[in-house]
Amino acid sequence: MDPYLVSVLSNTGVISFVALSAYLLLLTGEVSFGQQAFFAIGAYAAGIATAMWGWPLALALVWSAAAGAGCAALIGIPTLRLHGVYFAIATLAFAEMVRILFELLRYRVEIDGQLVGPDGTDGFRDIRYIFDNNIEEFEFLVLIYAVLAIVLLGFMLLERSRLGVMFRMIGGDATLASLQGIAVARYKVLAAGIAGGLAAVGGGLYAHLTTYVEPRIFDVMLGVHTLAYGLIGGLGTALGPLLGVAIDIGLLESVRIFAGYRMIIFGGLVALLLIVRPRGLLDERAVHKIGQLLRRATRGTASMHDSTGAEGRTKGGLQ
Amino acid sequence: MKAMVRALAVMIALAVWHPGAAHAQVRAKAEVTCVSAGEKLHYDCIFTLANARSGEPISGVTLSVGADMPSMPGMHNAPPVKATEQPAKGVYTARLVLEMHGDWAVRLDLSGAVRDRVIAVLRFEDDQVTSIKP
């Protein structure tokens, strides 16, 4: 496969994690501009684990997910008492705080005669796990999408579970959900924790994909984009944010004529969709319609098979 | 719920799996110098590659050069171009075509005899290029 295509697909894959993380919070009715903070925590945690502590990648990813989920749950306890724009500003402030903390973080150790580790604003280089273990870029792409498939499977199960219904109820009307006996605060903290863990796994994969991270990667621009992916792609299904990522990184990237104007086009697209389809392309109604069409098509195929079978049986009977 | 437990079990299995101990690879370092090529957002770059430990020049590798904007991860990048090896040992040249001025993380991907990646962060302006984090 063309290395550039592998690179674009890999970027699409890792950014999908943080997009899904923002989507999960949107389901519970919260707008977060701060999911890039957990992406950063995951990137640094996983990078430190493999490059400095010599951990295997899988364990580093589990560790980064735990760090992201823990931090998100901790920050969720005080901030989820806030609502709407207050919560959005609190998440943005937290993300900036994390970014500045990483600008101050200097933790380096000597490995093979070279200093390795986070070096403040100079970033964290030499996250060389894929090179040290002879993992090809394509193999890493497969790994990214394998982990993403597991996450999507988790979302599918969540959407069909009682927990998923409660998340959507809270997102629909928190007061009404509370009156139904749902512990709104507890479930919101749980959603924040899962979302933080997801973003952190994406960050861990990103750090190993690029081999280099620095604090400004995780600034507000990334936060705005991750939120926009859900709003463009749609809130009806977990595939919505992935569609958003595919439109931005995949489609706009492949049409190089936009070049430096991509952000303007992307911003315009977000504005337009918020007016025309406030809950995105794959909103609840669209998902319902697609489901109906698929069911009809499946039923049609099944009945066709039945009638063909019956015809065959009749013919067989006549012979 | 059972499926979630199964997925968790797979994750744990992955966590304890190790693809094998890291073996000593050649680590590369690079000096990057870029100048404006006279056309807007086109830059001619010279890359001097060397072994990070011994300082010996690295020749005979395939060098692919791309660039990403650190402030917009995955969103603005320059598709990789193949660098041309020069007669001087360890020296390669390539022309980079960027989307806009600003700070770019130039990504050097070495393949062939040495497989490695070196990142150099440079500030590309209209008339000059300065190295931020060599």
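A residue is buried if 20 or more other C-beta atoms lie within 10 Å of its own, exposed if 12 or fewer, and partly exposed in between. By this criterion, 36% of the 134 residues of chain B count as buried, and 46% of the 319 residues of chain A do. The model described here is predicted. Chain A contains 13 helices and two strands, whereas chain B has one helix and nine strands.

- Taken along the principal axes, the C-alpha atoms of chain A fill a box of roughly 85 × 50 × 40 Å.
- In chain A, 76% of the contacts between residues at least 6 apart in sequence join residues at least 24 apart.
- For chain B, the corresponding share of contacts between residues at least 6 apart that join residues at least 24 apart is 53%.
- The elements of chain B, read from the N terminus, follow the order α-β-β-β-β-β-β-β-β-β.

**Domains of chain A**

- The domain assignment divides chain A into domain 1, covering residues 3-282, and domain 2, covering residues 283-319.
- The C-alpha centres of domain 1 and domain 2 of chain A are 41 Å apart.
- Contact between these domains of chain A involves nine residues of domain 1 and four residues of domain 2.
- On the side of domain 1 of chain A that touches domain 2, there are three nonpolar, four polar and two charged residues.

**A helix pair in chain A**

- Two packed helices are described by the angle between their axes and the distance between the axes.
- Helix α2 (residues 35-52) and helix α3 (residues 57-79) of chain A pack at an angle of about 145°, and their axes are 8 Å apart.
- The crossing of α2(A) and α3(A) is right-handed.
- On the α2(A) side, the residues making the contact include F38(A), I41(A), G42(A) and A45(A). On the α3(A) side, they include L57(A), A60(A), W63(A) and C71(A).
- The residues of the contact between α2(A) and α3(A) comprise twelve nonpolar, four polar and no charged residues.

**Individual residues of chain A**

- L190(A) belongs to helix α9 of chain A, which spans residues 184-210.
- How many other C-beta atoms lie within 10 Å of L190(A)? There are 18, so L190(A) is partly exposed: that count lies between the limit of 12 or fewer for exposed and that of 20 or more for buried.
- L190(A) and L105(A) are separated by 85 residues in sequence and by 29 Å in space, C-alpha to C-alpha.
- N134(A) is situated in the loop between α5 (129-132) and α6 (137-160) of chain A.
- The phi of N134(A) is near 50°, a positive value in a residue other than glycine.
- N134(A) is partly exposed because it has 13 C-beta neighbours inside 10 Å.

**An open sheet in chain B**

- Four strands of chain B form an open sheet in the order β1-β2-β6-β5, with antiparallel pairing.
- Which strands lie at the edges of the sheet? The edge strands are β1 (28-36) and β5 (84-85) of chain B, each of which pairs on one side only.
- Nine bridges connect β1(B) with β2(B), the strand of residues 42-51, in the antiparallel sense. In this pairing, T33(B) has I46(B) in β2(B) as its bridge partner.
- β2(B) also pairs in the antiparallel sense with β6(B), over seven bridges. Here F47(B) has Y92(B) in β6(B) as its bridge partner.
- β5(B) and β6(B) run antiparallel and are joined by two bridges. The bridge partner of T84(B) in β6(B) is T93(B).

**Faces and turns in chain B**

- Side chains alternate along strand β6 (residues 91-97) of chain B.
- β5(B) and β6(B) form a hairpin with five residues between them. In its turn, G90(B) has a positive phi of about 80°.
- L41(B) has a positive phi of about 65°, although it is not a glycine.
- Because 17 other C-beta atoms lie within 10 Å, L41(B) is partly exposed.

Definitions and conventions:
Residues are numbered from 1 along each chain as its sequence is written. Chains are lettered from A and ligands numbered from 1 in the order in which they are written. This is a predicted model: local features need pLDDT of at least 70, side-chain atom pairs count only at pLDDT 80 or more; totals for chains, interfaces and linings use all residues. Two strands pair if DSSP finds at least two bridges between them. Axes are lines fitted to C-alpha atoms, for helices over the stretch in contact, and angles run from 0 to 180 degrees between N-to-C directions. A crossing is left-handed if the near helix is turned anticlockwise from the far one by less than a right angle, and right-handed if clockwise. Two residues are in contact if their C-beta atoms, placed from the backbone, lie within 7 Å. Ala, Val, Leu, Ile, Met, Phe, Trp, Tyr, Cys and Pro count as nonpolar, Asp, Glu, Lys and Arg as charged, and the others, Gly among them, as polar. Domain bounds come from an automatic or database domain assignment.
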